[in-house]
Every structure is written in structure tokens, then in C-alpha cells.
Amino acid sequence: MLERHIESFMNFLIVREYSVETMRLYRHDLDHFHRWVLVHPGIQSLEDIGREELAAYQSFLVTQPSEATGKPRSAATRNHHAAAVKTFFSYLVEEDVLLFNLATNLVSAKTSSAIPQVLTVEELLSLLAAIPDAKILRRRDRAAFELMYGTAI
């Protein structure tokens, strides 16, 4: 039941000229969702997938380790799975397969942002010392470097 709709969705992505990588990731995530649906006997058709089932799928993503790594899925990975399902369900609404998109209620996991690494004083001095000695070029290069470092670009 779901396979046919996933294939149609993948064709839709091709027509909309999504990147190959995006389509590969959507395919992977939707195949994962499809395998999850297959092991739940209460789900016989798309109409059987409601808020509770989507919440159960998200819980599954949190509690079950990845089949590929055996490790818990990161928040970013779980969010990508949710985004694929949301987009797929939006497509099903656009195609009049479903009346409304229950997947819009999927909650994104909180992700942590990495703290940027900064140069140590020694590293900074070493970079400044590496600027060539040609007088005019040295001033230009040092000014450019100090501008980039001072503004964190």
C-alpha cells in the first residue's frame, strides 16, 4: 500500500528537480518508515496512520538504535526522518490521497549547536609570523587577516 505512494513521491521529486542526495536520503528515510509500518499489524492502509502511529514512530526512532550503526540516532537524524515523513504526507495531501497532513504535528528534536573552535594565542602569533615580508603585501595581508579574525569570518 505504501510502496506505490513512495514510488510516486520519488517520481514527483525527480520532476521537481530535487538533488540526487536529497532524493537518496528521502528514499532511505521513507523505506525505513515503510518497514516500520509493515511490522505493525494495526496499520493496513494509509487511513490507519494517525497521530498516535506517527508519535509511536517518533518514539521508535528515539528508543531503538540505528540498524546501520547499532548506536542511538542523533537528534539531527531523527529530525531528518521526521522531515521526510512530513514532506511525504504533504505530497499525499496535494495528490488528494489524504484529506489533511497529520505529520505536520511531528515534533523536531532539539539539536545542540557546536561551539566554534578559536585559535590559541600561540596559533594566532604563528599565523601572523607566516605572512611574507614584502612590506606592502605584508600590510595588506595582515590587515585582511586581522579583519577576518576580528570579525570571526
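Is Glu 146 buried, partly exposed or exposed? At 40% relative accessibility, Glu 146 is partly exposed (buried is under 20% relative accessible area, exposed over 50%, partly exposed in between, with a 1.4 Å probe and protein chains only). Everything here comes from a predicted model, where local features need pLDDT of at least 70 and side-chain atom pairs pLDDT 80 or more, while totals for chains, interfaces and linings use all residues. Residues are numbered from 1 along each chain as its sequence is written, and side-chain values use heavy atoms, leaving out hydrogens and water.

**View 1. Arg 142 pairs with Glu 146 in a salt bridge.** The N to O distance is 2.7 Å (the rule: a Lys or Arg side-chain nitrogen within 4 Å of an Asp or Glu carboxyl oxygen). Both sit in helix α6, four residues apart, about one turn (helices are DSSP runs of H or I, at least four residues, numbered from the N terminus). Arg 142 is partly exposed at 34%.

View 2. Arg 27 is partly exposed at 24%, and so is Asp 31 at 27%.

**View 3. Arg 140 and Asp 141 form a salt bridge.** Here N to O is 2.6 Å. Arg 140 is exposed at 52%, whereas Asp 141 is partly exposed at 23%.

Key:
Helix = DSSP H or I, 4+ residues; strand = E, 2+ residues; numbered from the N terminus.
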